[in-house]
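Hello,

Please find the structure below, followed by some notes on what was found in it.

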Amino acid sequence: MDETAMEQEVSFEETAEIIQYVGLDQLDDKEKAILNKLATEYHPKVKRLLHNNTSLTVHIKKFRNNTKNEKKQHKYSITVKTVAPTKPFRAAANDWNLNTAIHDAFLKLEKELERVFRKNDYHKNHVKFAIN
């Protein structure tokens, strides 16, 4: 990781939970506040689904629209990564609206965690009876 990204992570982290942000230099202050608010809202949910303390890594990419006729819109690509004790999980989403992209990425991550851990819980608790 380059030095500027590490400085941003340390200065941007306002919560006790470990949330790392990559690509903050592409966002303005309003977008950073939105990202921090939503990431801190979703972190406890992810932690609860994993049944473990975990860190999140949020990668942000901001793409510009180069057409001259339209307003200066930006497309956002959000990738959220977390590591469970057994394996890492990753979810990504793209959208023209930053809020929608963040929500979609975290909802995809939650669905993946629910799917994996629900399947594991079923196999643990499923009792097979042997017929003599």
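Strands here are DSSP runs of E with at least two residues, and helices are runs of H or I with at least four, each numbered from the N terminus, while two strands count as paired if DSSP finds at least two bridges between them. Please keep in mind that this is a predicted model, in which local features need pLDDT of at least 70 and side-chain atom pairs count only at pLDDT 80 or more, whereas totals for chains, interfaces and linings use all residues. Residues are numbered from 1 along each chain as its sequence is written, and side-chain values use heavy atoms, with hydrogens and water left out.

The sheet is open and mixed in its pairing, with four strands in the order 1-2-3-4. Strand 1 (19–22) and strand 4 (88–95) are at the edges with a single partner strand each, so one side of each has no neighbour in the sheet. Strand 3 (residues 74–83) and strand 4 run antiparallel and are joined by eight bridges, and threonine 82 stands opposite phenylalanine 89 of strand 4.

Finally, valine 22, in strand 1, is partly exposed at 23% relative accessible area.

Best wishes

Terms used:
Buried means under 20% relative accessible area, exposed over 50%, partly exposed in between (1.4 Å probe, protein chains only).
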